[in-house]
Amino acid sequence: MARITGSYPDDLDLLIEGAVEAGVFGGKSDALREFVRKYFEDHENERIAAAVALYKREQITLGDAARLADVDRWTMRDILREHGVELRLGLVDEDDAAYEVEAASGLEFSDEDSGDEESRTK
């Protein structure tokens, strides 16, 4: 887990302390994690912008970008293209390969697809 050091207004600190004392949160870290998580849940455009920026700087893979943006890989490809970001294709590492296997195992094919496969093998 990443660690962040920062500062914020005294009034906000008091509210967080009060919420912890009231049992709303287990601690200040829990409160801040919840605030950030909720922010990105409620602000889809900002979440997508963050994923695009990280992908563009080559810090994450396409799969990671899709996960962070909370979209499927195909939608993420379209989003990246819309932002003028060149796609990096191919597997980066074992984690990327594992993601591809997991994504592929979740694919569903219609009966028509399996019928086509049978006719090709005959």
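Just after helix 1, G23 adopts a positive phi of about 85°. The model is predicted: local features need pLDDT of at least 70, side-chain atom pairs count only at pLDDT 80 or more, and totals for chains, interfaces and linings use all residues. Residues are numbered from 1 along each chain as its sequence is written, and side-chain values use heavy atoms, with hydrogens and water left out. Helices (H or I, at least four residues) are DSSP runs, numbered from the N terminus.

Helix 1 comprises 12 residues, 10–21. Buried residues (under 20% relative accessible area, 1.4 Å probe, protein chains only) in helix 1 are D13, I16 and A19. These cover an arc of only 125° around the axis, which puts them on the same side of helix 1. The arc is that of the directions from the helix axis to the C-beta atoms. The face turned away from the buried side carries the exposed residues (over 50%) D10, D11, L14, L15 and E21. Helix 2 (28–42) is included in what covers the buried residues of helix 1.

The axes of helix 2 and helix 3 (residues 44–56) come within 5 Å and cross at roughly 100°. Helix 2 is therefore roughly perpendicular to helix 3 (65 to 115 degrees). Axes are lines fitted to C-alpha atoms over the stretch in contact, and angles run from 0 to 180 degrees between N-to-C directions. Y39, F40, E41 and D42 of helix 2 meet E44, E46 and R47 of helix 3, with contact meaning heavy atoms within 4.5 Å. The contact residues divide into 2 nonpolar, no polar and 5 charged. Here Tyr and Phe count as nonpolar, and Asp, Glu and Arg as charged.

Notes. Helix = DSSP H or I, 4+ residues; strand = E, 2+ residues; numbered from the N terminus. Expected span 1.5 Å × (residues − 1). Parallel < 35°, antiparallel > 145°, perpendicular 65-115°, else oblique.
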